[in-house]
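Subject: Structure handover

Hello,

Here is the structure for your files. My notes on it follow below.

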Amino acid sequence: DFFKDIADALVGVGLITNSDSMPGILMLDKDHNNMSKFLNRILGMPVELQNRLFKYFTDTLQAIITQAKKSGRFDLGILDLGTAGENVKRVKLYTFLRKHATGSATTELHIVHVERGMGWEEAMERWAELVGAREGFYLSHQIRNGKQTAILAICPEASNNKTGKKTETAKKDQLYTIYRPNTGLQLRQETLGELEKKYKKVECADAEKHWKQQYESSETTCSHAYWRGNCKNVTLGL
């Protein structure tokens with residue numbers, strides 16, 4: 001049993017100990033969350049158990065990340081603007097000088113404009129590299145204000161196939177990365193099953209008009225006005 005084997009090994013290296021107040025009851029060592037101590041202690045475990053423990057850790061971490069991506073809660077931490085192809089331009093720079101006990105320090109506030117949209121030409125370049133049978137352009141089933149949503153869906157698993165041949169396997173739980181004309185790369189991935197509930201796969205020619213229309217309007221029109229025909233904030237002059 002994996003958990004029993006690991007528990008016994010952790011007892012052996014002192015990461016799980018007997019409770020002083022309740023003999024016979026196992027508890028975590030007081031420094032169990034000290035990473036240096038943890039890594040040092042597990043070196044005393046058999047190599048085979050070390051490998052199984054790290055495999056369990058990486059599998060669990062990957063499952064948590066996958067679930068977070070599906071729910072849109074995945075956070076990369078510090079964000080590097082422009083690494084996903086965005087067009088970044090600094091609009092303003094404010095500099096503040098503050099004195100403290102040992103001297104003075106400068107603080108800078110940068111206001112930037114980030115253009116995340118993806119033009120049709122760039123979308124076609126990405127489409128040309130696709131090999132998956134279910135990858136490509138999709139249009140929404142729902143029509144709002146006479147318009148449909150166009151997206152580009154890319155399956156990372158299929159993209160890793162270097163044979164150059166179209167892959168036919170399309171599992172409903174396969175995750176797809178989504179690109180939209182107005183906001184570019186989306187942080188939240190979607191499964192093929194979720195995609196097919198809301199969208200239908202179409203040829204490039206069918207998606208082109210919808211893609212260009214939304215991309216071009218996003219520069220001057222907010223999404224509320226684009227999809228509903230009006231925007232409360234615009235009406236109020238906000």
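How many of the five residues of strand 6 (residues 150-154) are buried? Five of the five are, so strand 6 is largely enclosed by the rest of the structure. Before the details, please note that this is a predicted model.

Confidence

The chain has an average pLDDT of 83, and 87% of the residues score at least 70. Of the chain's elements, strand 5 has the highest mean pLDDT (96), while helix 9 (residues 232-235) has the lowest (66). Where pLDDT is low, the predicted coordinates should not be read in detail.

Strand 6 and its partners

In a regular strand the side chains alternate between the two faces of the sheet. In strand 6, Ala-150, Leu-152 and Ile-154 point one way, Ile-151 and Ala-153 point the other way, and all are buried. Strand 5 (residues 136-140) runs antiparallel to strand 6 and is joined to it by four bridges. Within this pairing, Tyr-138 is opposite Ile-151 of strand 6. Strand 7 (residues 175-180) also pairs with strand 6, through three bridges and again antiparallel. Here Ile-154 is opposite Thr-177 of strand 7.

Helix 1

Helix 1 covers residues 2-12, and its buried residues are Ile-6, Ala-9 and Leu-10. These residues span an arc of only 100° around the axis, which puts them on the same side of helix 1. What do the buried residues of helix 1 pack against? Their contacts are with strand 1 (16-18) and helix 3 (47-71). Lys-4 and Gly-12 are exposed residues on the face turned away from the buried side of helix 1.

The two ends of helix 1 can be described as well. At its start, a side-chain oxygen of Asp-1 comes to within 3.4 Å of the backbone nitrogen of Phe-3. Just after helix 1, Gly-14 has a positive phi of about 85°.

Salt bridges

There are twelve salt bridges in the structure. One of them joins the side chains of Asp-8 and Lys-4, at 3.0 Å from N to O. Both residues belong to helix 1 and sit four residues apart, about one turn of the helix. Asp-8 is partly exposed, with a relative accessibility of 44%, and Lys-4 is exposed, at 51%.

Another salt bridge is formed by Glu-196 and Arg-134, whose closest N and O atoms are 3.4 Å apart. Glu-196 is in helix 6 (residues 192-198) and Arg-134 is in the loop between helix 4 (120-128) and strand 5, so the pair ties together parts that are 62 residues apart in sequence. Glu-196 is partly exposed, at 26% relative accessible area, and Arg-134 is partly exposed, at 27% relative accessibility.

In helix 7 (residues 204-217), Glu-208 and Lys-212 are four residues apart, about one turn of the helix. Their side chains meet in a salt bridge of 2.8 Å, N to O. Glu-208 is partly exposed, with a relative accessible area of 27%, and Lys-212 is partly exposed, with 30%.

Which residues are linked in a network of salt bridges? Arg-188, Glu-190, Glu-194 and Lys-198 are.

Regards

Terms used:
Residues numbered from 1 in each chain as written. Predicted model: local features only at pLDDT ≥ 70, side-chain atom pairs only at ≥ 80, totals over all residues. Heavy atoms only, no water. Buried < 20%, exposed > 50% of the residue type's maximum accessible area, 1.4 Å probe, protein only. Arc of directions from axis to C-beta. Contact = heavy atoms within 4.5 Å. Polar contact = N/O pair within 3.5 Å; in protein donor to acceptor, adjacent residues only side chain to side chain. Pairing = 2+ DSSP bridges. pLDDT = per-residue confidence, 0-100. Salt bridge = Lys/Arg side-chain N within 4 Å of Asp/Glu carboxyl O.
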